[in-house]
Amino acid sequence: MRALGWVYLSAVFLFIFAPIAASFIFSFNSDRFPTLPLGSFTTDWYMRAFSRPEVWQAIANSLIVAGVTAVVSTFIGFATAYTDFRYGFRFKTAYLALALLPPTLPLVIMGLAMLAWLSQLGISGTLTGIVIAHVVLATPFAMAICRLRLSQMDPALEAAAWNLGSSQWGAMRHVILPFCAPAIVSALCLTAAVSFDEFIVAWFVSGLNRTVPVMILEILQGNVDPQINAIGTVVFVTSMTLVVAAQFLIFRKRQDD
Amino acid sequence: MTDPLVQFRAVHKSFGSYVAVKSLDLDIQRGEFLALMGPSGCGKTTTLRMLAGLEAPTSGTISIGGRVMNNVPPHQRDTPMVWQSLALFPFLSVVENVEFGLRMRGIAAAERRERAMMWLGRMDLQGFETRRIDQLSGGQRQRVALARSLVTEPEMLLLDEPLSALDAHLVIRMQGVLTRLQKDLGITFVYVTHSQSEAFAMADRVVIMGHGAIEQIGRPQEIFRGPKTRFVAEFVGRNNILAGPVKAGVMTTAQGPVPVLSGDGPMEIVVAADRVTLSRDRPAGAAIRAAFLSEEFAGTGIICYFETPDGAEWKAQVTETQLAELHPESGQDFWLSWDPARVHVMG
């Protein structure tokens with residue numbers, strides 16, 4: 001049974017990671033088309049891909065959007081989670097449902113709605129527009145992480161800070177934020193990853209300011225080129241680093257409870 | 001007597017339609033160890049939280065040191081509390097926890113470290129200052145919590161069931177630590193508990209609360225031997241209660257006529273379990289008949305439970321030798337007698 005379990009687990013991981021691994025392997029393969037047997041090892045596709053200025057521009061766009069999205073959505077997510085933790089009020093269930101709603105919407109619908117809305121505001125096609133759309137998508141994740149952390153906090157901790165002479169802001173700064181620090185860093189990583197990866201909504205609203213996933217599609221539409229594998233590998237490594245960092249922080253924080 | 005440190009005057013607190021505390025009048029003296037005791041939901045914790053400013057009274061006034069404190073936020077009071085959960089900060093080291101109150105008061109780093117170290121020494125925690133909270137035992141955490149609350153040298157310390165999470169043997173030791181500390185410092189301790197052994201062992205005065213109101217205030221002995229109300233008699237100690245009209249030295253009760261020494265008209269008397277004598281044959285004097293139910297070992301003796309014909313529960317405390325001689329069986333009838341001079345008349 002145990003051996004069977006391992007086979008099953010390996011099969012699942014193989015199924016998930018085989019395409020990514022293939023992309024990774026072919027990014028170093030000298031052949032023009034992804035066929036077996038492999039040709040020789042080369043970093044040529046990386047060289048070519050990263051010598052294109054539009055690739056660098058897209059990476060810069062993606063990094064800016066991911067960074068700003070991470071900061072803004074983590075701030076909003078933390079504030080939402082803290083409101084839930086601290087206050088009881090009417091329609092709180094509705095408030096929470098609304099706050100967690102965006103990821104349940106089909107991305108195409110979200111993309112279309114964002115396009116229509118951002119055009120009305122005249123910021124469609126700008127980085128600001130992409131950031132706004134990504135903040136909407138990423139905030140619920142940040143909120144969920146912060147909420148989980150706050151639920152592990154002894155409610156007496158905040159009152160204890162007041163009791164020892166902290167004002168409300170003092171308790172926030174000296175108790176709530178330090179307690180939530182692992183969750184906040186984790187939320188920053190995860191929301192950055194959500195934004196860095198996100199394609200559909202970005203495709204609708206990005207216009208000429210393409211992010212990396214949008215640019216990949218555009219290259220792909222032209223022709224199948226192993227440069228895509230190279231760029232894809234870089235994107236994958238970046239996102240995985242962020243997600244693993246987030247996971248690590250969520251896991252590690254358990255120890256100090 | 002000097003001015004009391006704390007005065008509650010007609011204090012009322014409700015949460016929505018739920019009344020937690022009603023028309024509370026209470027003076028707390030400087031330097032006394034006061035225990036607020038009662039079953040859960042009696043309002044004792046709400047009373048303590050109002051004193052700390054964590055809840056505002058719905059009406060009435062609370063003054064500390066002669067100043068009305070109703071609307072003073074918690075951080076502007078000097079009423080540190082030891083929490084039931086201890087509420088130590090898990091992301092700070094032991095010494096940083098102790099320093100917290102001084103840091104919030106803007107005291108310079110060097111001085112606050114020195115004062116925190118002094119308190120850690122006093123609490124027998126030297127050498128633990130850089131530890132994390134989760135590296136300490138229950139008793140050590142307790143002492144960190146005490147040091148953290150006392151480092152600002154307050155006039156009054158609030159304690160909210162601080163020993164409820166400890167093992168029995170640690171509870172006894174911490175009781176000793178707390179009483180000695182309170183006498184040494186000479187400050188006021190307000191101690192909330194549902195445990196009468198804790199309250200009676202430590203407090204100078206005990207306040208018994210029930211359903212949001214004070215039932216009785218007194219020294220432990222007074223309350224233990226002289227409960228004023230049925231609520232207190234039932235909550236405190238192992239008491240048996242008899243009620244009925246008294247005429248010509250005889251009280252007519254549901255358990256039959258019982259001689260009493262004095263009184264006239266409706267009366268309630270308390271017969272403490274340790275003052276009840278068991279016998280198989282009817283003795284002379286005050287006695288009732290009841291069927292044996294079960295026994296319970298209670299450390300100092302054995303508590304035997306009985307049921308009277310009308311369904312009331314009676315308790316009698318006996319020694320192990322007495323129990324062996326009687327070897328009662330379930331359902332067996334006994335006579336429970338007592339000296340009428342050693343009953344307590346309520347009211």
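Student: At what angle do helix 2 (residues 94-104) of chain B and helix 3 (residues 109-122) of chain B pack?
Tutor: This is a predicted model: local features need pLDDT of at least 70, side-chain atom pairs count only at pLDDT 80 or more, and totals for chains, interfaces and linings use all residues. Helices (H or I, at least four residues) and strands (E, at least two) are DSSP runs, numbered from the N terminus. Axes are lines fitted to C-alpha atoms, for helices over the stretch in contact, and angles run from 0 to 180 degrees between N-to-C directions. The two axes lie 9 Å apart, and the angle is about 125 degrees.

Student: What are helix 2 of chain B and helix 3 of chain B to each other?
Tutor: Angles under 35 degrees count as roughly parallel, over 145 as roughly antiparallel, 65 to 115 as roughly perpendicular and the rest as oblique. The angle here is about 125 degrees. The two helices of chain B are therefore oblique.

Student: Is the crossing of helix 2 of chain B and helix 3 of chain B left-handed or right-handed?
Tutor: A crossing is left-handed if the near helix is turned anticlockwise from the far one by less than a right angle, and right-handed if clockwise. For this pair of helices in chain B, the crossing is right-handed.

Student: How many charged residues has the contact of helix 2 of chain B with helix 3 of chain B?
Tutor: Contact means heavy atoms within 4.5 Å. Among the residues that meet are B:E99 and B:R103 in helix 2 and B:R112 in helix 3 of chain B. Ala, Val, Leu, Ile, Met, Phe, Trp, Tyr, Cys and Pro count as nonpolar, Asp, Glu, Lys and Arg as charged, and the others, Gly among them, as polar. The contact has eight nonpolar residues, no polar ones, and charged residues numbering five.

Student: At what angle do helix 3 (residues 53-86) of chain A and helix 4 (residues 92-100) of chain A pack?
Tutor: Residues are numbered from 1 along each chain as its sequence is written, chains are lettered from A, and ligands are numbered from 1 in the order in which they are written. The crossing of these chain A helices is left-handed. Their axes are 11 Å apart, at an angle of about 160 degrees. That makes helix 3 of chain A roughly antiparallel to helix 4 of chain A, at about 160 degrees.

Student: Which residues in helix 4 of chain A meet helix 3 of chain A?
Tutor: Helix 3 of chain A brings A:T80, A:T83 and A:D84. The residues of the contact divide into three nonpolar, two polar and two charged. Helix 4 of chain A supplies A:K92, A:Y95, A:L96 and A:A99.

Student: How many residues of strand 9 (residues 205-210) of chain B are buried?
Tutor: Buried means under 20% relative accessible area, exposed over 50%, partly exposed in between (1.4 Å probe, protein chains only). Strand 9 of chain B is mostly covered, and of its six residues the buried ones number five.

Student: Which residue stands opposite B:V207 in strand 9 of chain B?
Tutor: Two strands pair if DSSP finds at least two bridges between them. Strand 3 (residues 33-37) of chain B pairs with strand 9 of chain B in the parallel sense over four bridges. Opposite B:V207 stands B:L36.

Student: Which residue in the turn between strand 9 of chain B and strand 10 of chain B has a positive phi?
Tutor: Strand 9 and strand 10 (residues 213-218) of chain B pair in the antiparallel sense over five bridges. They form a hairpin with two residues between them. Phi is about 50 degrees at B:H211.

Terms used: Heavy atoms only, no water.
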